[in-house]
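Work through the exercises below with the sequence and the 3D structure at hand. Try each task before reading its solution.

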Amino acid sequence: MTAPIVTRFAPSPTGFLHIGGARTALFNWLYARGRGGKMLLRIEDTDRERSTEPAIAAILEGLKWLGIEWDDDTVYQFQRAGRHREVAEQLLAEGKAYYCYASADELKEMREKARAEGKSKLYDGRWRERAASEAPAGVKPTIRLKAPLDGETVIDDQVQGRVTWKNENLDDLVLLRGDGNPTYMLAVVVDDHDMGVTHVIRGDDHLINAARQKQIYDALGWQVPSMSHIPLIHGPDGSKLSKRHGALGVDAYRAMGYVPEALRNYLVRLGWSHGDQEIFSTEEMIRDFDLPAIGRSAARFDFAKLENLNGHYIRHADDRSLVTQFEDVLEYVPDGADLKAKLNDTSRAQLLRAMPQLKERAKTLIELIDSSYYIFADRPLVMEPKAAALLTPETRALIGRLHGALKGVTDWTAATTEAATRTFAEANGLKLGAVAQPLRVALTGKTTSPGIFDVLAVLGRQECLARLADQEAV
């Protein structure tokens, strides 16, 4: 019987959940979910100086916002340090590891010598076969793995293919530091084994770690998980991803008004493909995702593609869910608190009524908020400079006459107000646009808005007539 699939996402809480980490989490989640398995979460907080509680909270919140749910309790690596030490001491007792008493100065000298000679192996193994009785006084030893000196270490990677390292180029890596704290290399192996991880899916910057970790697995006689090292994400120009390219935290994308479904869809297509399909439901992602379909070259981040995809998801979203997301993103908007204070049953109903028009133009929730400003604007409206420039005495006089014409509309809808406006334009020998634009400025304070007759319907008769009256010629 085949063992159940178990993947894991193991971030270091030294900062936010960055976009590369989010993709790694997504790939682990999809692979496990598509095969009836589990995805576990392990916080690798052994770097006590840099690991922070706010970073942990940001990682957990970022995963939840993206809709990536992990199984079982979250594991915190630092809490397992005793178990890691136990394994290091076991290897020592079995003669598969040894005490190293090399001083910091000696290690520095070894590294410099090796680099000068063009060698990748930086430790010369001087304590590999020496007895502890030769140890200098007062030196706290490290425990090093007694790695094989010849032959090869091989990983059959589901993305990278067969990868081989000559053992003569690999160091006897440190398992336990002089202060008794385990190293990352040891902790990862022990945790993955104890958690029952069957598949390790991570960035290809960890590929060299796979060789070192396999040597630990072999020394312990443990089965090595299936390895998949996915290429990193680069900027559109092919260079390392930076903040200007999009190397931001998931929380930043949330603040910029991206919806989780769109970001998830965009991330799954960064390096993975399924024919020419671009839009994936969550069910399709889970069903179709597979590791061999991940390319070996770096994926390129493209903000324009993400924005277009986000627009697609906004246009196809349920209007009520968009109202909820509109409220959620207000905390990230400069005047969001003011807008939130203005949300009540009336304004929510107006927002819901306006949503079919608002979402057609918006590529982000921030754009959605911006285009809905007219619903929440205080009277008298604050005019944008372009709008203010249009309010000449002649325009104000026109608005006054139009105000009088619209007063006669009692059954207030987009259709009835449009009919009244067209009748007014024809009676005054004007094209509809010559009337619609002053009307737009008077009702929204801007020169662009959703369809002006939809605006009239959303605001309602009383508010529209009041705003028109504010702008009439005195």
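The model is predicted: local features need pLDDT of at least 70 and side-chain atom pairs count only at pLDDT 80 or more, while totals for chains, interfaces and linings use all residues. Residues are numbered from 1 along each chain as its sequence is written, and side-chain values use heavy atoms, with hydrogens and water left out.

**Exercise 1. Overall form**

Task: State how many helices and strands the protein has, and decide whether it is spread out or compact.

Solution: 
- Step one, count the elements. There are 21 helices and twelve strands. Helices (H or I, at least four residues) and strands (E, at least two) are DSSP runs, numbered from the N terminus.
- Step two, compare the radius of gyration with the rule. The radius is taken over C-alpha atoms, and the globule rule is 2.2 Å times the number of residues to the power 0.38. For 474 residues the rule gives 23 Å, and the radius of gyration of the protein is 31 Å, well over that value, so the protein is more spread out than a compact globule.
- Step three, look at the spans. Along its principal axes the C-alpha trace covers about 105 × 50 × 40 Å.

**Exercise 2. Burial and contacts**

Task: Find what share of the residues is buried and what share of the contacts joins residues 24 or more positions apart.

Solution: 
- Step one, apply the burial cut-offs. Buried means under 20% relative accessible area, exposed over 50%, and partly exposed in between (1.4 Å probe, protein chains only). Of the 474 residues, 49% are buried.
- Step two, take the contacts, meaning heavy atoms within 4.5 Å. Among contacts with a separation of 6 or more, 75% are between residues 24 or more positions apart.

**Exercise 3. A sheet of three strands**

Task: Give the strand order of the open sheet that contains E1, and name its edge strands.

Solution: 
- Step two, read the order. The sheet runs E1-E2-E3 with parallel pairing. Its edge strands, E1 (6-9) and E3 (75-76), each pair on one side only.
- Step three, follow the bridges. E1 and E2 are joined by four bridges, and phenylalanine 9 has leucine 41 in E2 as its partner. E2 (residues 38-43) pairs with E3 over two bridges, where arginine 42 stands opposite valine 75.
- Step four, check the faces of E1. Val6 and Arg8 lie on one side, Thr7 and Phe9 on the other, and all are buried.

**Exercise 4. An enclosed helix**

Task: Which residues of H20 are buried, and which helices do they pack against?

Solution: 
- Step one, count. Helix H20 covers residues 452-459, and seven of its eight residues are buried, so it is largely enclosed by the rest of the structure.
- Step two, list the buried residues: Ile452, Phe453, Val455, Leu456, Ala457, Val458 and Leu459.
- Step three, find the partners. The buried residues of H20 pack against H13 (345-361), H15, H18 (414-427), H19 (432-444) and H21 (461-471).
- Step four, look past the end.

**Exercise 5. Backbone exceptions**

Task: Where is the cis peptide bond at proline 380, and in which loop is aspartate 72 found?

Solution: 
- Step one, recall the background. Most residues other than glycine have a negative phi, and most peptide bonds are trans.
- Step two, the cis bond. It joins arginine 379 and proline 380, with omega about -10 degrees. Proline 380 is in the loop between H15 (373-376) and H16 (385-390).
- Step three, the positive phi. Aspartate 72 is not a glycine, yet has a positive phi of about 60 degrees. Aspartate 72 is found in the loop between H2 (53-66) and E3.

Key
Pairing = 2+ DSSP bridges.
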